[in-house]
Amino acid sequence: MTHTARRMFELLEPICLVTYFADECNEELAALGHRGYWDGYFASRAAPLGRVPAQVVHAAFYSFAEGEAARHIPSAWETIPPEASVAARERGSAASLRRILGDELAGSPGLVRAADLTTKAATNAPTEGRVMYAGMRTLPVPSDPVARLWHSATMLREHRGDGHVAALVGARVGGTEAHVLDALAKGIHPPESFGRLHHLPKARLAAVMDGLRERGLVDADGGFTEAGRETKQRIEALTDELAAPPYDALTPAELDELVTELEPVTAKLVAAGSR
């Protein structure tokens with residue numbers, strides 16, 4: 001099932017990425033009155049949690065630097081209800097999928113079946129310890145197949161993300177530190193140039209890198225040590241293991257069918273860069 005969880009992540013992630021890469025979602029959120037991309041991001045992704053303080057959003061999202069959530073929460077909800085933001089995110093994401101996939105694939109029986117099976121997996125996992133996933137589970141599942149596929153893929157993404165946070169906490173790797181390890185795993189050097197890091201204050205980045213060096217996870221040049229590479233691999237392996245429970249709801253035949261039906265959808269999205 002660990003292999004299954006990794007394969008499903010590869011197939012479902014491009015579906016979720018339209019929310020962040022394609023134009024339609026951002027346009028829907030801007031039309032509500034959100035001031036910019038990050039206002040819409042925080043307001044719509046955190047919306048299933050309800051009107052929680054910035055500290056709660058920061059804890060649940062985990063990977064953002066101190067103070068980043070507070071720049072958007074709760075101000076992004078002061079004039080725009082969380083319910084409106086999350087609905088706009090769904091509309092925009094489904095519109096992106098329809099545009100990229102085209103009428104034939106978006107309206108195909110295979111996509112409907114993929115949406116049904118993804119939803120079966122996404123609605124049958126335990127919620128304990130899964131804050132973001134539990135929040136998504138409170139939302140109604142869309143009846144439209146394209147929107148349902150996006151919604152259920154996003155539920156599974158948040159389920160996996162909650163498990164990833166647990167793996168990072170267990171390894172004593174903070175959110176900014178996790179971005180450094182991700183950058184190195186992607187072959188980005190220096191890791192401070194990574195898009196999720198380069199905007200942070202230089203003193204903050206220097207402190208993070210010094211801490212990773214003290215723990216023996218990066219070397220003097222900012223590259224992986226063997227211990228750092230092994231730590232990253234353990235985190236990813238545990239993330240896959242913790243992401244497996246939703247797929248217990250599917251029979252082996254259903255899993256095979258889901259992979260078969262998702263492959264052409266994912267291929268089209270990957271070719272387009274989910275944009």
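Which residues of α12 are buried? What you have open is a predicted model, where local features need pLDDT of at least 70, side-chain atom pairs count only at pLDDT 80 or more, and totals for chains, interfaces and linings use all residues. Residues are numbered from 1 along each chain as its sequence is written, and side-chain values use heavy atoms, with hydrogens and water left out.

**Stop 1: helix α12**

Select residues 252-272, which make up α12. Helices here are DSSP runs of H or I with at least four residues (strands would be E, at least two), numbered from the N terminus. To answer the opening question, colour Glu254, Leu255, Leu258, Leu262, Val265, Thr266 and Leu269: these are the buried residues of α12. Buried means under 20% relative accessible area, exposed over 50%, and partly exposed in between, with a 1.4 Å probe and protein chains only. The spacing has a simple background: an α-helix has 3.6 residues a turn, so residues three or four places apart point the same way.

Now show what surrounds that face. The buried residues of α12 pack against α1, α5 (82-106), α6 (109-122) and α8, with contact taken as heavy atoms within 4.5 Å.

Try the distance tool on the end C-alpha atoms of α12. Then zoom in on Leu262, where α12 bends by about 35°. That bend is the angle between axes fitted to the seven residues ending there and the seven starting there. A proline, Pro264, follows within four residues.

**Stop 2**

Is Ser274 buried or exposed? Ser274 counts as buried because its relative accessible area is 3%.

**Stop 3**

Most residues other than glycine have a negative phi, and most peptide bonds are trans. Go to the loop between α4 and α5, where you'll find Tyr62. Its phi is positive, near 75°, and at 19% relative accessibility Tyr62 counts as buried. Pro74 lies in the loop between α4 and α5 too, and a cis peptide bond joins Ile73 to Pro74, with omega about 10°.

For another cis bond, select His189 and Pro190, where omega is about 0°. Pro190 sits in the loop between α9 and α10 (202-214).

**Stop 3: the pockets**

Time for the surface. On a 1 Å grid over the protein atoms alone, a pocket is an open set of points with protein on both sides within 12 Å along at least five of seven lines; a cavity is a set where a 1.4 Å probe fits but cannot get out, and lining residues have an atom within 4 Å of a point. Points are joined across faces, edges and corners, and a volume is the space filled by probe spheres set on them.

The largest pocket has a volume of about 1,200 Å³. Centre on Glu13, Arg157, His179, Asp182 and Arg196, the closest to the pocket centre of its 36 lining residues. Several helices give two or more residues to this lining, including α1 (2-21), α8 (145-170) and α9 (175-185), and α8 gives the most, with eight. By class, the lining has 19 nonpolar, five polar and 12 charged residues. Ala, Val, Leu, Ile, Met, Phe, Trp, Tyr, Cys and Pro count as nonpolar, Asp, Glu, Lys and Arg as charged, and the others, Gly among them, as polar.

The second largest pocket holds about 220 Å³. Select Trp38, Phe64, Glu68, Arg71 and His199, which lie nearest its centre among 15 lining residues.

**Stop 4: the cavities**

How many cavities of 30 Å³ or more are there? The count comes to two. The largest cavity has a volume of about 100 Å³, and Phe9, Leu156, Arg157, Arg160 and Tyr247 lie nearest its centre. Its lining has nine nonpolar, one polar and three charged residues.

Finish at the second largest cavity, with about 80 Å³ of space. Thr19, Cys25, Tyr41 and Arg89 are among its lining residues, and α3 supplies the largest share, five residues.

Notes
The expected span of a helix is 1.5 Å times one less than its number of residues.
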